Amino acid sequence: MWTKLKTMKTIIFSFVLLFSLVTISHSLPLTTQSKWVIDELNGERVKFKCVNWPSHLQPMLVEGLDKKPIGFIVNQVAFFGFNCVRLTWATNMFTRYSNKTVVQTFRDLSLTNAIKGLEINNPQFLPLTVVDAFSLVIGVIQSYGVMVILDNHVSEPMWCCSNNDGNGFFGDKYFDPDEWLEGLSIVGKRYRNTPMVVAMSLRNELRGPRQNANDWYQWVRRGASTIHKVNPNVLVLISGLNYDLDFSPLKSEPLGLDRALPNKIVYETHRYSFTEGQRWLRQPLNQMCSNVIRDINNRATFLTTGSDPAPLFISEFGVNLMGTRQSDNVFLPCYMAFLAEMDLDWAVWALQGSYYLRQGVQNMDEQYGLLNNDWEGLRNPDFNAKLFLLRQTLQVPQWRSSNYTFLFHPMTGRCIRSDYKDQLFADECLWLNGWSHSGDGTPVQLASTPLCITVAGDGLPVKLTTNCNAKQSTWQSVKNSRFQISNKDENGVDLCLDFDPKYSSRIVSKKCICVDDNDSRCLANPQSQWFQFVSTNNRFV
């Protein structure tokens with residue numbers, strides 16, 4: 001019975017996801033207003049919910065065309081709820097190799113098996129030049145109503161990124177700034193009459209020993225102006241220093257492009273668990289998550305605030321979807337909470353289940369890829385389900401004040417619901433219950449009802465009660481934790497809200513994890529107890 005119910009819920013979830021995608025429409029081109037990307041005609045927000053699809057490696061062709069027909073792949077992109085593709089490209093693909101055909105390139109790389117796969121699944125690509133093949137890919141993507149963001153990933157086609165790969169910063173071995181400008185101009189002109197190409201990035205993950213703020217200002221200004229001159233319709237995405245993490249120089253000196261590119265500038269930043277090395281496994285998770293969010297806010301998110309706010313696009317984040325990388329497993333709930341709170345535009349890395357050729361290995365598996373190695377379906381369906389709330393547009397420019405707050409469980413991507421009797425459980429965020437909490441020592445109350453959450457005991461399901469003034473019905477935030485809220489049982493023991501889907505869909509209260517003053521070195525995982533109050537001002541959510 002439970003299996004049938006779960007299957008039915010999955011079917012309903014998929015139809016709701018597809019319906020939400022196909023019923024959303026907006027006019028093009030896009031523009032910016034404050035920290036939003038908007039439809040210029042009606043002022044409504046357009047939120048990027050994207051997936052990365054690389055075309056910048058040595059074969060210079062989007063990955064996977066040897067495994068499945070391109071229509072099948074793009075249909076999956078749309079069906080799984082993405083409204084845009086961040087499509088990567090290499091400068092030299094357009095400046096040096098534009099006359100090479102796909103079949104010639106693959107033969108030069110001895111990709112015999114990939115050629116056979118292309119002959120079966122996408123033979124139309126083999127005789128095309130690599131740039132015409134790129135255009136054909138864009139045409140198929142836009143035919144499914146999916147937007148395209150063109151990302152200049154590298155100059156010389158290769159896997160990215162390292163400090164010493166010659167592609168990292170202006171003046172590196174392969175990174176000729178003048179040729180880079182030429183490439184931006186060629187691509188900008190080529191797609192200026194392609195409406196679904198809505199944005200172009202300047203460069204992916206600037207990095208390496210040569211990086212410095214002076215050159216960054218000079219070439220970013222020239223690159224942005226070059227794109228806008230030949231294609232004034234597209235948004236221009238600007239990346240920061242140090243692998244797209246750091247925009248700190250802008251705190252003291254703005255780029256000054258507002259007049260040259262009015263309402264067209266968007267900043268982009270990246271984050272992975274390995275950004276912090278192995279610290280996710282060596283420091284308490286409450287402390288680690290707070291430090292990472294503080295760092296993001298200090299070096300990137302500040303751009304969305306202040307007197308001259310601008311949009312910030314998380315153009316890459318991702319995790320190993322095999323579940324075998326523990327640092328990724330604990331990073332993801334923290335980053336999910338951050339994205340839900342900020343409601344930023346985002347692009348997950350990545351679509352591809354495999355590569356034609358990566359770092360000398362043919363048919364290399366991509367464990368960060370949404371699709372499995374044969375490109376038949378999702379590698380990890382639970383991960384895609386977790387993205388459901390992030391796909392919703394929670395904040396919109398038309399209404400300035402948040403007027404609805406719900407409870408989100410970032411470890412599972414679920415939201416907290418009640419049966420309006422006495423039970424509380426976690427479920428997909430298809431239907432949201434409103435909750436109010438006025439601060440420490442106050443109840444967590446179900447909106448528009450006299451009901452609030454009360455503790456029954458350690459390990460027992462929490463319940464709803466009308467006795468909201470009782471001690472067991474008042475909650476406080478936990479010291480040194482962004483997401484745990486607690487109450488005390490009859491013996492004075494701190495009990496936190498807790499949800500573990502391995503045991504039940506019910507919300508319980510359990511002894512709080514890693515919250516004592518002497519727990520500064522606690523490495524136990526408290527993420528089952530992470531709950532976040534998320535606000536929305538979008539009346540359609």
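The exercises below, each with a worked solution, concern a predicted model.

**Exercise 1. Describe how helix α2 and helix α6 pack: at what angle do their axes cross, and which residues make the contact?**

Step 1. Two packed helices are described by the angle between their axes and by the distance between the axes. Here, the axes of α2 (residues 70-79) and α6 (residues 130-143) come within 9 Å and cross at roughly 45°.

Step 2. On the side of α2, the contact is made by Ile70, Gly71 and Val74, while α6 contributes Val137, Val140 and Ile141. Sorted by class, the contact has five nonpolar residues, one polar residue and no charged residues.

**Exercise 2. Work out the order of the strands in the open sheet of five strands, and state which strands stand at the edges.**

Step 1. Strands of a sheet pair through backbone hydrogen bonds, either parallel or antiparallel. In this open sheet the order is β19-β24-β23-β22-β21, and the pairing is antiparallel.

Step 2. The edges are held by β19 (460-461) and β21, each of which has a single partner strand, so that one side of each is left without a neighbour in the sheet.

Step 3. Looking at individual pairs, β21 and β22 run antiparallel and are joined by two bridges, with Ser477 standing opposite Ile485 in β22. The antiparallel pair of β22 and β23 (residues 494-498) extends over three bridges, and within this pair Asn487 stands opposite Leu495 in β23.

Step 4. The hairpin of β22 and β23 has five residues between the strands, and in this hairpin Gly492 takes a positive phi near 80°.

**Exercise 3. Locate Lys479 and decide whether it is buried or exposed.**

Step 1. Lys479 lies in the loop that runs between β21 (476-477) and β22 (485-488).

Step 2. The relative accessibility of Lys479 is 55%, and the cut-off for exposed is over 50%; Lys479 therefore counts as exposed.

Step 3. To place Lys479 relative to a residue elsewhere in the chain, take Arg190, which is 289 residues apart from Lys479 along the chain. The C-alpha atoms of Lys479 and Arg190 are separated by 55 Å.

Conventions:
Residues are numbered from 1 along each chain as its sequence is written. This is a predicted model: local features need pLDDT of at least 70, side-chain atom pairs count only at pLDDT 80 or more; totals for chains, interfaces and linings use all residues. Side-chain values use heavy atoms; hydrogens and water are left out. Axes are lines fitted to C-alpha atoms, for helices over the stretch in contact, and angles run from 0 to 180 degrees between N-to-C directions. Helices (H or I, at least four residues) and strands (E, at least two) are DSSP runs, numbered from the N terminus. Contact means heavy atoms within 4.5 Å. Ala, Val, Leu, Ile, Met, Phe, Trp, Tyr, Cys and Pro count as nonpolar, Asp, Glu, Lys and Arg as charged, and the others, Gly among them, as polar. Buried means under 20% relative accessible area, exposed over 50%, partly exposed in between (1.4 Å probe, protein chains only). Two strands pair if DSSP finds at least two bridges between them.
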